[in-house]
Amino acid sequence: YPRSSLRLRICFDIMARSLQVIFVVLLGMACSARGMVRADDLGLGDPRPPVPLQPFNCSTVPPSPTVPTDATAVRFSDVKVMMALGDSISAGCFMHEDLIVDGLFEFRGDVFSIGGNEGQYTIPNFMKGIQENHQLPLGASVGKAFPLDAIDFKKHIVRPFDPAVFHLNGAQSMAKVENVPAQVDYLVQQMKANKNIDMENDWKVLTILIGANNACGACHGRSYAVPAFYKQQLDIVLGKVYASIPRVFVNLVGNFNISGVHEWVEKSDYCKFIQGHFDECGCLMGTDNDRKIMDEASMAYNVQMRELAAKYNAMPRKDMRVVVQPVLEDLKVLGPEFLSGVDCFHPSYLADAAFAVGLWNNMQQPEGAKQRGISYDVEFQCPTETTYLQ
């Protein structure tokens, strides 16, 4: 789009989503007054079911004697900086809500890949647990924010209103893969401005989860849902990372079949109403064939991811490695407790914690032996001095 048209389109999109948010809040106020919409009455909200995840019991691991220069030789304890890119899942949208009127927040500090809230099941907190100094990696998000706080499209760069919350989490609610290049610009800008980060020498982990909002348009023939377009845009993202971020290990988290949410939506009148009116994913509430087309797009994106990972790993730089982590590719929604109590669509706090355990294990498992899917009883794999990021 021309710049003026792009601005108009962005303004329209934000106004439309804002009206949807206001509608849901008002709906919640009206219905809560009648005792109708507590999410836990539907089995969707806090208190969570007594299904504990396994305890984190990994021991500390010393860093490498000398800082490695090759991305294939990086210990977990060598990592100094954590970063994330993506959409509302990586923004932590709605994961803790149990009453609609509690507020529609992004719980960024609890996000599986980048959250730094004390005691939460997240990769940065696991990293903290194995560090000899028990310090949280730089870049981890803390706290929560309103979903639109991360959106400022001036010059197409993400500018959070509260850097003390977002840190190096560039994810945006509603983002598609074509929005992620601007998120990379944001990360680079923030790292260069942070005096505690040695851009050239600190090892960094970047986790990217993107594609759900693209796949949600596949059944309607949207151009942004075409796998070739997805690959082109993700290539731009990785190209920016290659050109501007030294010493980085990139997790490309594989996409999951969104249709798995539908089974649980259909079991709740409230969820059917919300999904029918909130329209977060156009193909989800369509026909069986619509959902099939959507899932096929997600799986095609994962094929494109692997092709791009191979491309970048064959490039001359030895201090960047790209690995597809498949933990979500065979994801099954284990029950309604895995879904947000607000919209019955986004992952809940329990689901996000399970994602963190799975990704942590994936990062230690060699290609061809990586865990696929989530379960409650998966135990932690613990890194040692001979364990390198994989």
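## Disulfides and a buried strand

The S-S torsion of C216 and C281 is about -100 degrees, so this disulfide is left-handed. C216 sits in the loop between α6 (212-215) and α7 (227-244), and C281 in the loop between α9 (269-278) and α10 (288-313), so the bond ties together parts 65 residues apart in sequence. Both cysteines, C216 and C281, are buried.

The model is predicted. Its protein chain has a mean pLDDT of 85, and 81% of the residues reach 70 or more. Residues 24-51 stay under 50. Low-pLDDT coordinates should not be read in detail.

The structure holds four disulfides. Three of them are listed here.

| Pair | S to S | S-S torsion |
|---|---|---|
| C216–C281 | 2.0 Å | about -100 degrees |
| C219–C283 | 2.2 Å | about -105 degrees |
| C271–C344 | 2.1 Å | about -75 degrees |

C219 and C283 are both buried. C271 lies in helix α9 and C344 in the loop between β4 and α11 (349-362), so their bond ties together parts 73 residues apart in sequence. C271 has 1% relative accessibility, so it counts as buried. C344 is buried too, at 0%. With the bonded cysteines numbered in sequence order, the pairing reads 1-8, 2-5, 3-6, 4-7.

Now for strand β3, residues 248-253. Six of its six residues are buried. V248, V250 and L252 point one way, while F249, N251 and V253 point the other. Which strands pair with β3? Strand β2 (residues 203-209) pairs with β3 in the parallel sense over five bridges. There, F249 is the bridge partner of V205. Strand β4 (residues 320-325) also runs parallel to β3, joined by six bridges. M320 in β4 is the bridge partner of V248.

Definitions and conventions: Residues numbered from 1 in each chain as written. Predicted model: local features only at pLDDT ≥ 70, side-chain atom pairs only at ≥ 80, totals over all residues. Heavy atoms only, no water. Buried < 20%, exposed > 50% of the residue type's maximum accessible area, 1.4 Å probe, protein only. Helix = DSSP H or I, 4+ residues; strand = E, 2+ residues; numbered from the N terminus. Pairing = 2+ DSSP bridges. pLDDT = per-residue confidence, 0-100. Contact = heavy atoms within 4.5 Å. Disulfide = S-S within 2.5 Å.
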